[in-house]
Amino acid sequence: MSIKQDATTARNAIQQGIYAVINPFVRLLVKMGVTPNMVTTVGLLGQIAAAGVLVWAGYKAGDGAVDFGLLTLAGVLIILFSVFDMLDGQVARLGNMASTFGAMYDSVLDRYCELFILGGISYYLIQIGNIAGALLTFLALVGSLMVSYVRVRGEGLGVVCKIGFMQRPERVVVTTVAVLATGIAGQCGVGFDANIILVVAMAFIAVFANLTAFARIAWCRKEIEKSGK
């Protein structure tokens, strides 16, 4: 079994384990008349709140003091409302409410969530004077958008393109862990600038998200040439 297959198998196993835990709650939501689009919208609002906390942390840092507790709070909010990204799909499946518009709505709001969070991180890094980190965050944002765009554009041409290491689940995990770790490390008073954790994570996403986008472009070219289009 290849490394890619191992990773896919592990991801599926984790996903099924999470579904086993949340399904009772999902069934309750269905009985209450909650729709998948409602869940998706709440998830977006929660991510906007997390981004707002990051902006507030940056605003306060402009006065000369970094409140790492706010970064910890932002990390917790990102984790909490990222769960809604799984909940909406399960509500759609278990409630027999899946729809084409719902799939599109979910995908669009996922992009909004990512943009708000990375935008909040960029503002925070600018406010603490880490311009290089803010630039890396911008490059991470560009890569994140292009990973999704190349896939959609390829599928519009009849090419299924889901390859690449830094897809959305990986980006969400790296970003969430980085924000949370930065906040906790800063609160614990580690012997280095805790913000370096966040900057390194943004650099990691910036590099590998853009590499994933270029890999998808190459894959699409190969498949299009193979089909003779």
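1. Which residue just after helix 7 takes a positive phi? Gly189 does, at about 70°. Helices here are DSSP runs of H or I with at least four residues, numbered from the N terminus.

2. A word on the source. This is a predicted model, in which local features need pLDDT of at least 70, side-chain atom pairs count only at pLDDT 80 or more, and totals for chains, interfaces and linings use all residues. Residues are numbered from 1 along each chain as its sequence is written, and side-chain values use heavy atoms, with hydrogens and water left out.

3. Helix 7 covers residues 168-188. Its end C-alpha atoms are 30 Å apart, which agrees with the 30 Å that its 21 residues should span at 1.5 Å a residue. The expected span is 1.5 Å times one less than the number of residues. Buried positions in helix 7 include Arg168, Glu170, Arg171, Thr175, Val179 and Leu180. Buried means under 20% relative accessible area, exposed over 50%, and partly exposed in between (1.4 Å probe, protein chains only).

4. Gly186 also belongs to helix 7. Not counting residues up to four places away in sequence, Gly186 touches Phe68 and Ala194. Contact means heavy atoms within 4.5 Å. Lys162 is 24 residues from Gly186 in sequence, and their C-alpha atoms are 37 Å apart in space.

5. Helix 6 has 26 residues. From first to last C-alpha, helix 6 reaches 37 Å, close to the expected 38 Å. Its buried residues include Gly133, Thr137, Leu141, Gly143, Val147 and Gly154. The buried residues of helix 6 pack against helix 5, helix 7 and helix 8. Just after helix 6 comes Gly158, with a positive phi of about 90°.

6. Now the cores. A nonpolar core is a set of buried Ala, Val, Leu, Ile, Met, Phe, Trp, Tyr and Cys residues joined through side-chain atoms within 4.5 Å. The largest has 34 residues. Leu54, Ile117, Ile121, Tyr124, Leu125, Val179 and Leu198 have the most contacts inside it. Helix 2 (36-61), helix 3 (68-82), helix 5 (100-127), helix 6 (131-156), helix 7 and helix 8 (195-227) each supply at least two residues of this core. Helix 8 gives the most, with 8 residues. Another core, of 8 residues, lies apart from it and includes Tyr19, Leu29, Leu87 and Val91.

7. Take Ile121. Leaving aside neighbours within four places in sequence, Ile121 contacts Leu54, Thr137, Thr175, Val179, Leu198 and Met202.

8. Helix 3 packs with helix 4 (residues 84-94) at an angle of about 10°, their axes 5 Å apart. Axes are lines fitted to C-alpha atoms over the stretch in contact, and angles run from 0 to 180 degrees between N-to-C directions. The two helices are therefore roughly parallel, a label for angles under 35 degrees. Leu80, Phe81 and Ser82 of helix 3 meet Phe84, Asp85 and Met86 of helix 4.

9. Ser82 is found in helix 3. Its relative accessible area is 22%, so Ser82 is partly exposed. Leaving aside neighbours within four places in sequence, Ser82 is in contact with Gln47 and Val172. Ser82 and Ser122 are 40 residues apart in sequence and 20 Å apart in space, C-alpha to C-alpha.

10. Asn96 deserves a look. Its phi is near 55°, a positive value in a residue other than glycine. Asn96 lies in the loop between helix 4 and helix 5. Asn96 counts as exposed because its relative accessibility is 74%.

Conventions:
Angles under 35 degrees count as roughly parallel, over 145 as roughly antiparallel, 65 to 115 as roughly perpendicular and the rest as oblique.
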